[in-house]
There are 2 protein chains.
Amino acid sequence: MADQAFVTLATNDNYARGAMVLGKSLRKHNTTKKLVALIGPQVSEPSQSVLKRIYDEVRVVDVLDSGDTAHLAMMKRPELGVTFTKLHCWTLTHYSKCVFMDADTMVLSNIDELFDREELSAAPDPGWPDCFNSGVFVFRPSVETHGKLLQYCTEHGSFDGGDQGILNGFFSNWATADISKHLPFIYNLSSIAIYTYLPAFKQYGGNAKVVHFLGKTKPWDYTFDPKTKQISGSEQDAATHPTFLLNWWTLYSGDVVPMLHEEYGEQPFHSG
Amino acid sequence: MADQAFVTLATNDNYARGAMVLGKSLRKHNTTKKLVALIGPQVSEPSQSVLKRIYDEVRVVDVLDSGDTAHLAMMKRPELGVTFTKLHCWTLTHYSKCVFMDADTMVLSNIDELFDREELSAAPDPGWPDCFNSGVFVFRPSVETHGKLLQYCTEHGSFDGGDQGILNGFFSNWATADISKHLPFIYNLSSIAIYTYLPAFKQYGGNAKVVHFLGKTKPWDYTFDPKTKQISGSEQDAATHPTFLLNWWTLYSGDVVPMLHEEYGEQPFHSG
Ligand SMILES: O=c1ccn([C@@H]2O[C@H](COP(=O)(O)OP(=O)(O)O)[C@@H](O)[C@H]2O)c(=O)[nH]1
Ligand SMILES: O=c1ccn([C@@H]2O[C@H](COP(=O)(O)OP(=O)(O)O)[C@@H](O)[C@H]2O)c(=O)[nH]1
Ligand SMILES: [Mn+2]
Ligand SMILES: [Mn+2]
């Protein structure tokens, strides 16, 4: 459907590389939805060009420049910079329904069925499971909701300093109100869950549909040798399941790096 | 109500100490429900005597001795010893509804409202949040359900080697079927959640009703100096929130140790 879209966010070239892999993974699994990338003004020209080849719509969001309520909210809560950019997704009112996905996620199969869900649907956060993880969520763009979210930000701030704290504060009955708004955990399988409860991962992880490289070390922080298919460069190697990380790097080096080379030409870019 | 009970389990003297603290914590908060302890035959006489002073009913469960279907099931899956003892709680049919609580839990307020819930209600497990944690759950004793659980054990085993794997396999629609069967996480706040998502703990942890000392190091593995109120003796000190651990030790040293001294007399017991 043309009025439904997957939406992601990248405020810099590193997260842009994540957005490229995410977009490619959605295309590979034949999504019928539109793909939208919100980007910050720091994303370089060549990276923007690559994003435009993968995404239907690439929209630069500069909250600081906007001069509207978002800007005013930002002035009151300057610590929530990226969060305000993420909340901007509610203004995409040319779509009736969207699924937001963090730039550090990747799909492993077609997940268009998520559009059957209502706002706000999300998967539980491992760690504090009465909170939802804000790396994957279904929402309905609405200027009114966007305004209320900005107001919530200025009045309450974020208990965790990020968008997850805001969104859980705002959609505060998620844990108790409606089971259909609980996405199965396999739609936002964070690497952290793999080592905290390995037997459950072995039992259910084979059905994973979305992997989320949550936490400090992102896929692009590793290095990868395409010839030997070896990943290295982090002390935390054991933390993320090597298969998922390899999936990410295979897609990145096979499908994204060639496009980056074309766009960057002789300019250097950091390929991993 | 006389036909409703809190039920716990202790197969040895260490877990029995946990059961004593749990029972005392329920009494302190004026529960109107009966208290039942299932114990293994290894629990010493003096510990049994203390349990009998705290609990309304102390029942020795020896699956190996039973000669019934539980025994047969156990023969096929000998690795699930403690699990079979835990499943025995479904045979307490002189109660219409029960709340099972691990011996490593402690209540921080009256939680009798849990009896408004239906089988099988439980809180999500941090780590793999589409599984419930089996440290606190509402159930209805039933010989029929008990039989089905034993059959499930023999046919499928446990994906995690314990009761949590069995119960999640058996009550497999918990994640998707009925939001009222999702107990709020504050009814089974495991220490692991505190350090994996500290801001959420700071935001919501103040409402904790049940703390669960999940994991390898149990409260009774520490040592405590009642005079200085100092806890020591584990490398993992930072892992469990000191306040909860101090609560446990305060109740243990103040209310339980005197009873142990009376029952053990001159015999030595390990007070911590
Ligand atoms: O400097 C940043 C930080 C975050 N993000 C976006 O915000 C999301 C959430 O941040 P992150 O994934 O790093 O948080 P985590 O999932 O590890 O908690 C990212 O996936 C990006 O889409 C971004 O564009 N630039
Ligand atoms: O040797 C044992 C192990 C476990 N248990 C009982 O089974 C519960 C579950 O085990 P535990 O709490 O150690 O597991 P965790 O919650 O750490 O996963 C305990 O609280 C006890 O009630 C027991 O009686 N003896
Ligand atoms: Mn993320
Ligand atoms: Mn336990």
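Good morning. I begin with chain B, where 3 strands form an open sheet of mixed pairing in the order E5-E9-E8. Its edge strands, each pairing on one side only, are E5 (105-107) and E8 (189-190) of chain B. Strands here are DSSP runs of at least two residues, helices (H or I) runs of at least four, numbered from the N terminus; two strands pair if DSSP finds at least two bridges between them. E8(B) runs parallel to E9(B), residues 210-212, over 2 bridges, and Leu189(B) has Val211(B) as its bridge partner.

A word on conventions. This is a predicted model, in which local features need pLDDT of at least 70 and side-chain atom pairs count only at pLDDT 80 or more, while totals for chains, interfaces and linings use all residues. Residues are numbered from 1 along each chain, chains are lettered from A and ligands numbered from 1 as written, and side-chain values use heavy atoms, without hydrogens or water.

Next, ligand 1. Around ligand 1 there are 13 residues (a heavy atom within 4 Å), and Leu9(A), Thr11(A), Tyr15(A), Gly215(A) and Lys218(A) come nearest.

Finally, Tyr55(B). Beyond neighbours within four places in sequence, Tyr55(B) is in contact (heavy atoms within 4.5 Å) with residues including Thr8(B), Leu22(B), Arg27(B) and Val36(B). Thank you.
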